[in-house]
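Please describe the fold, the core and a few individual residues of this protein. A short report in running text will do.

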Amino acid sequence: MYWVVTPIESRAENDQTVITNAFLTTLSPHIGNAVTGHYGELTQYALYDIEILNIKRTHDGRTFGFNIVLKVYPFKEAHNYIGADTLTLEVMLPV
């Protein structure tokens, strides 16, 4: 038995928007926990409103620890914004 792989699309979907959206989706549970912790209750935010302000490696070289600074715009009801919050997350591989 053998497998034939036929590409559906000739180019990989790796443009910056897709990468950013995937990255924010991965961080979403942590962003939600931070926003809820800050406001003391479950608070909504939209991934498409988040701005990535800075990403910096925590160590030199090819390491996998990062400090990520985001701007989040939480809201209540129909997008009634209640703040513009700067959030810093530290992301690293578990040791």
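## Fold and packing

The protein has one helix and five strands. The helices (H or I, at least four residues) and strands (E, at least two) are DSSP runs, numbered from the N terminus. The model is predicted: local features need pLDDT of at least 70, side-chain atom pairs count only at pLDDT 80 or more, and totals for chains, interfaces and linings use all residues. Residues are numbered from 1 along each chain as its sequence is written, and side-chain values use heavy atoms, with hydrogens and water left out.

Read from the N terminus, the order of elements is α-β-β-β-β-β. Of the 95 residues, 21% are buried. Buried means under 20% relative accessible area, exposed over 50%, and partly exposed in between (1.4 Å probe, protein chains only). The accessible surface is about 7500 Å², and carbon and sulfur atoms hold 57% of it. Such areas come from the Shrake-Rupley method with a 1.4 Å probe; for residues, only the protein chains shown count as cover. Contact means heavy atoms within 4.5 Å. Among contacts between residues at least 6 apart in sequence, 39% join residues at least 24 apart.

**The sheet.** Three strands form an open sheet in the order S1-S2-S5, with antiparallel pairing. Strands S1 (51-57) and S5 (85-92) are the edges, each pairing on one side only. Neighbouring strands of this sheet are turned by 20 degrees against each other on average, direction ignored. Two strands pair if DSSP finds at least two bridges between them. Six bridges join S1 to S2 (residues 65-72). S2 and S5 pair over eight bridges, also in the antiparallel sense.

| Residue | Opposite residue |
|---|---|
| Arg57 | Phe66 in S2 |
| Gly65 | Met92 in S5 |

**The helix.** Helix H1 (residues 16-39) lies across S1, S2 and S5 and runs at about 120 degrees to S5. Axes are lines fitted to C-alpha atoms, for helices over the stretch in contact, and angles run from 0 to 180 degrees between N-to-C directions. H1 bends by about 50 degrees at Ser28, and a proline, Pro29, follows within four residues. The bend at a residue is the angle between axes fitted to the seven residues ending there and the seven starting there.

Which residues of H1 are buried? They are Leu24, Leu27, Ser28, Ile31, Gly32 and Val35. These buried residues pack against S1, S2 and S5.

**The core.** The largest nonpolar core has eleven residues: Leu24, Leu27, Ile31, Val35, Tyr45, Ile50, Ile68, Leu70, Val72, Leu87 and Leu89. H1, S2 and S5 each give two or more residues to this core. H1 supplies the largest share, four residues. A nonpolar core is a set of buried Ala, Val, Leu, Ile, Met, Phe, Trp, Tyr and Cys residues joined through side-chain atoms within 4.5 Å. Ile50 is one of the core residues. Leaving aside neighbours within four places in sequence, Ile50 contacts Leu24, Ile31, Tyr45, Leu70, Lys71 and Val72.

## Individual residues

**Gly32.** Gly32 lies in helix H1. Is Gly32 buried or exposed? Gly32 counts as buried because its relative accessible area is 15%. Gly32 and Gln44 are twelve residues apart in sequence, yet 7.9 Å apart in space, C-alpha to C-alpha.

**Phe75.** Phe75 sits in strand S3 (residues 75-76). Its relative accessibility is 7%, so Phe75 is buried. Not counting residues up to four places away in sequence, Phe75 touches Thr43, Gln44, Tyr45, Ala46, Asn80, Tyr81 and Ile82. Phe75 and Thr43 are 32 residues apart in sequence and 6.9 Å apart in space, C-alpha to C-alpha.

**Glu77.** Where does Glu77 lie? Glu77 is in the loop between S3 and strand S4 (80-81). Glu77 has a positive phi of about 55 degrees, although it is not a glycine. With a relative accessible area of 66%, Glu77 is exposed.
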